Amino acid sequence: MSTHTHSQSLAGRVAVVTGASSGIGEASAEHLAALGAKVAVLARRAEKLDDLVARIEKDGGTALALTADVTDTAAVHAAADRLRSELGGADLLFNNAGVMLPAPIEELRTDQWQHQIDLNITGLMNVVGAFTPQLVESAGKRGVADLINTASIAAQNIFPNFAVYSGTKAYVTHFSRTLRTELGPKNVRVAAIEPGIVGTELQNHVTDPGAREWLDGSKDTMEWLTPQDIAETIGFIATLPPRVNLQQVTIMPTGQPS
Ligand code: NDP
């Protein structure tokens, strides 16, 4: 019990994590639960969510599976209503579902452009719309709430063939920075986390051969971050004293230059 991650530092808090069926979201949901939060886990794959809920409950935690597609506004609002009635409303939102599909723009993969925009921007906004009232209400009662959005270093750095993904993540970072000025005075801390490469299912969805080669090659020159590294950072952000708001956190593999 020597660090800020000692058990139960999030006791009494209610978290919702999107993109919780794999990768960063899954690890973060488990970690927030281990810190004592009740955790609602949201994604499309019900079976994966049920397994996660079972693991959290086996470890003595409380979890709720919310099967929903974040691009479906009505489904996200229904999930928020369920969270409110079953767990009493969220005071921590980790808005994390996303997809990365790099490709040269001249290939005109308009299906992939649209998928990234729909999920990384519209989906993120559906979740903001559904849960912000709960965050503001909880912050009014408890003195603090957290809205943490997953951006990427792609929001800041330049990667050829990543123009659409990078555009969606620049949206997330700038949206977060600006929203902070509205919600901060209401005790809701808004943060954007910008990771470099993390080993998850994200890379499996990449279809572009050049991007796949670049990703595979990078494994030889650096050790990728793990989902647990991000999970612990989310826990750190949410356990800081209420006056402290980490606005943007860039987390890189030590060996990744940019
Ligand atoms: P994963 O592919 O492992 O996780 C993505 C999650 O999003 C899954 O749980 C998936 O679940 C969920 N998801 C996908 N589509 C939808 C949808 N329509 N509705 C609801 N949930 C959905 O990748 P990561 O964990 O790596 O990605 C998490 C976030 O981190 C993303 O925003 C990504 O852009 C960002 N990021 C990742 C980096 C990396 O190197 N891995 C680096 C920087 C940022 P399901 O399929 O069950 O719906």
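Where does L108 lie? L108 is found in the loop between β4 (92–95) and α4, where helices (H or I, at least four residues) and strands (E, at least two) are DSSP runs numbered from the N terminus.

## Basis of the description

This is a predicted model, in which local features need pLDDT of at least 70 and side-chain atom pairs count only at pLDDT 80 or more, while totals for chains, interfaces and linings use all residues. Residues are numbered from 1 along each chain as its sequence is written, and side-chain values use heavy atoms, with hydrogens and water left out.

L108 has a phi near 55 degrees, a positive value in a residue other than glycine. With a relative accessibility of 56%, L108 counts as exposed; here buried means under 20% relative accessible area, exposed means over 50%, and partly exposed lies in between, with a 1.4 Å probe and protein chains only.

N187 likewise has a positive phi, near 70 degrees, and is a residue other than glycine. N187 is located in the loop between α5 and β6 (188–195), and its relative accessible area of 38% makes N187 partly exposed.

Helix α3 (residues 73–87) packs against helix α4 (residues 110–142) at an angle of about 25 degrees, with the axes 8 Å apart. Axes are lines fitted to C-alpha atoms, for helices over the stretch in contact, and the angles run from 0 to 180 degrees between N-to-C directions. The angle makes α3 roughly parallel to α4, given that angles under 35 degrees count as roughly parallel, over 145 as roughly antiparallel, 65 to 115 as roughly perpendicular and the rest as oblique. The crossing of these two helices, α3 and α4, is right-handed, a term used if the near helix is turned clockwise from the far one by less than a right angle, whereas anticlockwise gives a left-handed crossing. On the α3 side the contact (heavy atoms within 4.5 Å) includes T73, V76 and H77, and on the α4 side it includes N126, V127 and G129. The residues of this contact of α3 with α4 divide into seven nonpolar, five polar and two charged, where Ala, Val, Leu, Ile, Met, Phe, Trp, Tyr, Cys and Pro count as nonpolar, Asp, Glu, Lys and Arg as charged, and the others, Gly among them, as polar.

Helix α4 also meets α5: the axes of α4 and α5 come within 9 Å and cross at roughly 15 degrees, which makes α4 roughly parallel to α5. The crossing of α4 and α5 is right-handed. Among the residues that meet here are W113, Q116 and I117 in α4 and V164, Y165 and T168 in α5. By class, the contact of α4 with α5 has 13 nonpolar, four polar and one charged residues.

T173 lies in helix α5 and is buried, with a relative accessible area of 3%. Leaving aside neighbours within four places in sequence, T173 is in contact with A151, A155, Q156, A192, E194 and Q248.

S176 is also placed in helix α5, and at 2% relative accessibility S176 counts as buried. Not counting residues up to four places away in sequence, S176 touches N149, V190, A191 and A192. The C-alpha atoms of S176 and N149 are separated by 7.1 Å, although the two residues are 27 residues apart along the chain.

## Aromatic pairs

Rings of Phe, Tyr and Trp (its six-membered ring) pair if their centres lie within 6.5 Å, with planes under 30 degrees apart counted as stacked, over 60 as edge-to-face and the rest as tilted. By this rule there are four aromatic pairs. One of them is the edge-to-face pair of F162 and W214, with 5.9 Å centre to centre and 70 degrees between the planes. F162 lies in the loop between β5 (145–150) and α5 (163–183) and W214 in helix α6 (residues 209–221), so the pair ties together parts that are 52 residues apart in sequence. F162 is buried at 7% relative accessibility, whereas W214 is partly exposed at 39% relative accessible area.

The rings of Y171 and F175 have centres 5.8 Å apart and planes at 5 degrees, so this pair is stacked. Y171 and F175 both lie in helix α5, four residues apart, about one turn of the helix. Y171 is partly exposed, with a relative accessible area of 31%, and F175 counts as buried at 16% relative accessibility.
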